[in-house]
Amino acid sequence: MRYATLKSIASYVPPTCVTNADFEKILDTSDEWIVKRTGIKTRYFALPSQNTSDLAYEAGKKAMQRAGVRAEDIDAVIVATLSPDYLTMPSTACITSYKLGIENKPAFDISSACSGFIYLLSLAKSFIESGTYKRILIIGAEKVSSVLDFSDRSTCVLFGDGAGACVIESTEDKKAAILDVHTSANGRHQDFLCTPRANTSQNISQGIFGELLQSNAPHLQESPYLQMKGNETFKLAVKTLVNDVNNILTNNALQPQDIAYFIPHQANLRIINAVGEQLSFNEKQLVISVQKYGNTSAASIPMAMNDLYEENKLKYGDLMLLDTFGGGLTWGSALVRFGGKSCKECRYSTHYSYRNSQ
């Protein structure tokens, strides 16, 4: 029987480390307040010259190296992001594919905010198990700094940039399979976490076209920056994450003690701890990286997974439980066994060639 397996994991962290002390210089905030409310101590921002596709390229290149595959071995590339290179087209996946030397293969983006990586797993699993593709590169990549309002202390301290990538391929070994993926969404609370589109009618002040645009788009705001209703999002996130984990465990006849590692979306340490406590996961099972990277949206879970990998804790067959919640509102969970070599076993090859990402 054909299964989908997570063959490799990699991430890329951009060069600029921003501490809470850096925010103290420009905002009425403090390191003590940020750590107490979020658990975040540092985050990393991309350079002005770096686009989301550049971050995706770096993570994707390393994931391919660790899986031991070449550009011609990849059948499709899918990128999850809320901060694409272009507003509507071309997709960040198209640009990333070209930089990696992957041409004449399907490439497209999905927009599921912080739930993007779980949605990627769902798509990849379906494509692989249906026989449509044999090997897919999935990437969660974000330059969230490009959509932040740095005068808004309630949001700009929370987020960071980065990318995480996986090669998903076919296997006959159920002990290395992606067991199950749940995804869902509800637009009822779309305004809890959003990036309003700038009002495109602002330069059309007279005539029928201006009136038409105004009447058809009353929701448009002048500010294109990320906006969040923090308290409401916190409460709903904890409830939704707990329910979703309980459902996927029950559906697969598993208990918390059967899970090697629980990797939730890294948005806020208080949310992570609240969910972990309600689900009875212990400290050894719970993977936390939010203190280092902040909320990197669709890149959050693969970046945390990569830390686990590079600490030599992740081995073949280990069962991971992934859980996330994001703008949309969207959410999802996944039961994933690791199907690649451990970090100690993995050796980088030198015969790969990629296009310059700059």
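The model is predicted, with local features requiring pLDDT of at least 70 and side-chain atom pairs counting only at pLDDT 80 or more, while totals for chains, interfaces and linings use all residues. Residues are numbered from 1 along each chain as its sequence is written, and side-chain values use heavy atoms, with hydrogens and water left out. Strands (E, at least two residues) and helices (H or I, at least four) are DSSP runs numbered from the N terminus.

E4 and E6 (residues 135–142) run parallel and are joined by 5 bridges; two strands count as paired if DSSP finds at least two bridges between them. E4 also pairs with strand E5 (residues 107–110), again in the parallel sense, over 4 bridges. In that pairing Ile-78 stands opposite Phe-108 of E5.

How is E4 placed relative to the rest of the structure? 5 of its 5 residues are buried, so E4 is largely enclosed by the rest of the structure. Buried here means under 20% relative accessible area, against over 50% for exposed and in between for partly exposed, with a 1.4 Å probe and protein chains only. Ala-76, Ile-78 and Ala-80 point one way from the strand, whereas Val-77 and Val-79 point the other way.

Another part of the model is an open sheet of 4 strands in the order E8-E13-E12-E11, with mixed pairing. Its edge strands, each pairing on one side only, are E8 (178–185) and E11 (261–264). On average, neighbouring strands of this sheet are turned by 10° against each other, direction ignored. E8 runs antiparallel to E13 (residues 330–337), and 7 bridges join the two. Ser-184 has Trp-331 of E13 as its bridge partner. Helix H5 (residues 116–129) lies across E8, E12 (319–326) and E13, at about 125° to E8. Axes are lines fitted to C-alpha atoms, for helices over the stretch in contact, and angles run from 0 to 180 degrees between N-to-C directions.

Two helices remain to be described. The axes of H3 (residues 52–67) and H4 (residues 92–99) come within 9 Å and cross at roughly 50°. That makes H3 oblique to H4, because angles under 35 degrees count as roughly parallel, over 145 as roughly antiparallel, 65 to 115 as roughly perpendicular and the rest as oblique. At the contact (heavy atoms within 4.5 Å), Thr-52, Ser-53, Asp-54, Ala-56 and Tyr-57 of H3 meet Thr-92, Ile-95, Thr-96 and Lys-99 of H4.
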